[in-house]
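Subject: The structure, and some notes on it

Hi,

Here is the structure I promised to pass on to you.

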Amino acid sequence: MARVDVVMPQMGESIAEGTLSKWLKKVGDAVKRDEPLFEISTDKVDAEIPAPTAGVLAEIKVQEGQTVPVQTLVAVIETDKSATAPAASSAAPPVAAAQRAPAAPGGAAASPPAAAKPAPTPVPVAPKGDGAETAEERLRRKSTPLVRKIAAEHQVDIAGIPGSGFAGRVTKQDILGYIERGVPATSPASRLPSAGPTGPVAHPVAEPWPGDRVEPWSKIRKITADHMIMSRRTSAHVASFFEVDFSRIAQRRAKAKEKLTFLAFIVKACAENLRKHPVVNAAVSGDGTIYRADVNIGIAVALDWGLIVPVIKHADELSLMGIARAISDLGERARTKKLLPDDIQKGTFTITNPGGFGPYAGVPIINQPQVAILGVGAIEKRPKVVTLPDGSDTIAVRTMGMLTMSYDHRIVDGADADRFLADVKKMLQEFPEGAV
Amino acid sequence: MDSRAAPAPPAVPTTRPTALPAVLSRDQVLEIYYYLRLTRTLEERLVALYRQSKVIGGLFRSLGQEGESVASAYALDRGRHKDILSPLIRNLGSLLVMGARPLEILRQYMAKAESPTRGRELNVHFNDLEQGYLGQISHLGDMIPVMAGIALSFKLRREARVGLVYIGDGGTSTGTFHEGLNLAAVQRLPLVVVGEYNHWAYSTPPEKQFAVRDLAEKAKGYGIPAVTVDGNDVFAVYEATKFAVDRARRGKGVHFIEVKTYRRKGHAEHDDQHYVPKEELERWARENDPVDRYVQRLLGADLVSEADLKDIDDRVRVEVDQATDACVDEPLPEPETALPGVYVNPPAADRLWFKAL
Amino acid sequence: MPEVTFLEALRQGMWEEMERDERVFILGEDVGVYGGAFKVTDGFAKRFGESRVIDTPISEAAIVGAAAGAAHMGMRPVAEMQFIDFISCAYDMLTNYVATARYRAGLATPMVVRGPCGGYVRGGPFHSQNPEAAFLHTPGLKIVYPATARDAKGLIKSSIRDEDPVLYLEHKWLYRRIKEQLPEGEEILTPIGEARLAREGKHLSIITYGATVWKSLEAADQLDKEDGLSVEVLDLRTLVPMDDAAIVRTVQKTGKVLIVHEDTRTGGIAGEIAARINERAFEWLDGPIMRVTAHDVPLPYAPTLEDFVLPQTEDIVKAARWLAAY
């Protein structure tokens, strides 16, 4: 005894369903091959459907009036023919060892021939054969345009990042994760090894007690920690404190139409005076001093994931407004991770400004390989002794702030630092009117 | 001739046989009956299979046209490396006459892996050029220039072979019909064109298809002889075709035979022909069925007995049952067999990359 | 709101345009008395008369040519190819005559050539074609290819109103399988040249059109459930002129692109789309632009063969997975 399925037929290419309008046989009735078994109705046509085989109508699965999709089982016929295996197509033949698709898209994974260099001899140089980079190697080295763009923005070397993508390439997630965990310090060219002149930085281990929470460092934390130690070990850190009267600037700020921060004024003052005091705008190299040609002032920005120092290039060539805009733009781009490699390279002097909630004064650590860093204390109203025009002294309420400059006494002597700061203070306290 | 003058007489004389063709033996007369019955029974089986969703795609019946299909093909020199014909969708009879087997037809309709086209093409779109038939593509008219080319090869090689191609009344409106026929005519190729005036191109009647009354009138435009024949008179069609085929074989060029017949079913199984008055269909069935008329001719001439015919009916039924049983459960083609054979070289199309994932 | 099929929406669109503008007329094989091979024009002859719904002989070249002539004279013909596969018979008229008419001769030719295209229906090589690539490179023709019932209606109306000749491709597999709720009494017009975001996503973009929009959406659902992958699906809707801005936007958003179409790989328009992405959005690419298409073979008839040759949901899922992991 074999059971033969009867299905709702497809009467036309675009027909998706049919209504079983009438059963012409009942369960238990004998049917002959091709004898009309039931009637259907579709969008296009009504038809009598014949039995596929002789036998007995064993089961009815779909009732009169029901609409079902094409190929739905509507009935079962029991036949005394021995069951023949249904004509199911057997599994697809084993997949021939096909090349992985990535090799396919570009055609063969052929090594791109090296451009023939102009040779001194008339014989042209043949392109490199085997031994040149494979597609996978290239992918691991260069990844994709998007990843390269991110790498450039944050100044990271793709080759140094572990990749989880195809062929071990660095994916967008890989590089973004890497950046969030680690600060891209400087360009590879000027990157100082964390093995500084005093050796590799190894931080001592402390014992965790029950209840303590141990958190392994993120990449950015590690780089920061190493840099701080290295900087302290490298430079002969000395600090000078200069208290500045910002009242004049405060008035100017209040009157100004555009938003001008104290920081913009400070940057302007520094930029002008770094030109006049080149040793503060320099670097130590071996037994020599590099006097930088440009005045590029870095502004330290504290982000959720770490410290970054975007640089205002040629700050001495910008007006006050230009500086204000540059600060705003760099800050915005730092926060939205849109900095370009150029933005964080080649600083010659750094300013760190904790802002309104900062300390009265701080002692910052120099940002290597520079030789000076200016910390800006909280700027607020304080009592100050002022001399009136008639020569008598009185106490007035003034807007005051402490500037602390840490500098490298290897090349910046106390007098150099103080002269520079005195000039900065003078300019800030006597800030010129009008466009600057 | 001035078309605005009094209505023209029938375009060309219609052949009117009065006796059974002397050239046909009793065995041959019975063999013709066998093919008529086989065509009809096989199509009925195909309808049943279609309604069981075993036939895939469309089903186009030739009910009412079996006579002209069988008779015209029967007039050819049949066998290997002889005459070649190109059937259309309603010329199943001609295919069977040329040697296509019911098993092959069923396999084609059911998309079986073992079908002559390995499941690649539908219903009667298959060929055996050696055996003598070349299946069509769906674009009507396209087979005329192709068959002209086949006839051209006969001519160039000086072979005494003839080509025969069918075209429907609708098909004569196509550009390729015109170009193919014109080329064949001007080249005087050994080609017989059978124009089947069956009254319907899908739902389009002749008065919306062309402005002539008979297809044979079109032949004048190509400078070839034409004849209009009662398409449901098997012997009439046979004689007209034999005449044309013999002349073509003797180098007299293209001949056009118009067979007047009637398409008794819809364009395809899904077409219920609501645009045809039911009485008209019933009348043709009742009064002008080519198989019935043939039976009456044979019985009337006392050439055969009813028992002889019933024998053939039974034989045909068994043959169709056996052919069905042999293949109905055969498998469909393996998917990857879709790739080879686009070109000789490269031998197969690329398997696309995502199939390997 | 009533639910209508893709086919019904198309019908409504043509009906509304014929009511609105007496210059609109239909010509094609079996469109009048029979109502069309797929019943798209069912009832039209009765309502608008046989002079506006003309049953022609089997002559695609003449149909297209005649439509052009009538269009020159200010009429708005809608020429039907019974199966779009037969448009090949009209290739000369459509590309040499119709497409060039305005450019070379200042002749307005506001006409629509429409017909059922596409496979998945076991129609074999001549009832399943997607011919868009053959006409994509022909300047002067617009090509639209709706995937939803709403766009079936909106695009036929826009095509009829457009001043340029439009090739309107309607997928026969979608005819009765897609049902949507469409508001009544509201003018539905889909702008030509504008793509539609069928699904928003973050990780990967599928750019597609026609029946594969639905397969892509199915794939996207599966990828969401099984892989937690967020896939964006852009339905182009118009092939010429292509919505470059939408394409660029989605690439910028996800960085990974899979182009899916039912047409063959070689010469299929995925190549054109990939080239444009390369030109306009290279910097945002985080992986190669990949395609899921039909194999380079004439479409075979047997179900097992057709299913293998044409892109299926499963293929899209696998391809997207591969690309997402790239």
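Let me begin with a pairing in chain C: strand 2 of chain C runs parallel to strand 3 (residues 53-55) of chain C, and three bridges connect them. Within that pairing, C:L27 has C:I54 of strand 3 as its bridge partner. Before going further, please keep in mind that this is a predicted model.

Strand 2 of chain C also has a parallel pairing with strand 4 (residues 76-80) of chain C, this time through four bridges. Here C:F25 sits opposite C:P77 of strand 4.

How many of the five residues of strand 2 of chain C are buried? Five of the five are, so this strand (residues 24-28) is largely enclosed by the rest of the structure. If you look at where its residues point, C:V24, C:I26 and C:G28 go one way, while C:F25 and C:L27 go the other, and all are buried.

**Where chain C meets its neighbours**

The contact between chain C and chain B involves 38 residues of chain C and 38 residues of chain B. On the chain C side, the elements that contribute two or more residues are strand 14 (290-294), helix 11 (303-309) and helix 12. Of these, helix 11 of chain C gives the most, with six residues.

Have a look at C:D315, which lies in helix 12 (residues 313-324) of chain C. Is C:D315 buried or exposed? C:D315 is buried, because 22 other C-beta atoms lie within 10 Å, and the cut-off for buried is 20 or more. Leaving aside residues up to four places away in sequence, C:D315 touches B:F354 and C:V292. Another pair to display is C:D315 and C:S216: they are 99 residues apart along the chain, and their C-alpha atoms are separated by 9.7 Å.

**Chain A**

Chain A has 436 residues, of which 32% count as buried. Its secondary structure comprises eight helices and 18 strands. Taking the contacts in chain A between residues at least 6 apart in sequence, 63% join residues at least 24 apart.

Helix 6 (residues 262-276) and helix 8 (residues 414-429) of chain A pack with their axes 9 Å apart, at an angle of about 135 degrees. That angle makes helix 6 of chain A oblique to helix 8 of chain A, and the crossing of the two is right-handed. From helix 6 of chain A, the contact is made by A:F265, A:I266, A:A269, A:C270, A:E272, A:N273 and A:K276. Helix 8 of chain A meets them with A:F420, A:D423, A:V424, A:M427 and A:L428. Taken by type, the residues of this helix contact are eight nonpolar, one polar and three charged.

Key
Residues numbered from 1 in each chain as written. Chains lettered and ligands numbered in written order. Predicted model: local features only at pLDDT ≥ 70, side-chain atom pairs only at ≥ 80, totals over all residues. Axes fitted to C-alpha atoms, helices over the stretch in contact; angles between N-to-C directions. Parallel < 35°, antiparallel > 145°, perpendicular 65-115°, else oblique. Left-handed = near helix turned anticlockwise from the far one by under 90°. Contact = placed C-beta atoms within 7 Å. Nonpolar A, V, L, I, M, F, W, Y, C, P; charged D, E, K, R; others polar. Buried ≥ 20, exposed ≤ 12 C-beta atoms within 10 Å, placed from the backbone. Pairing = 2+ DSSP bridges.
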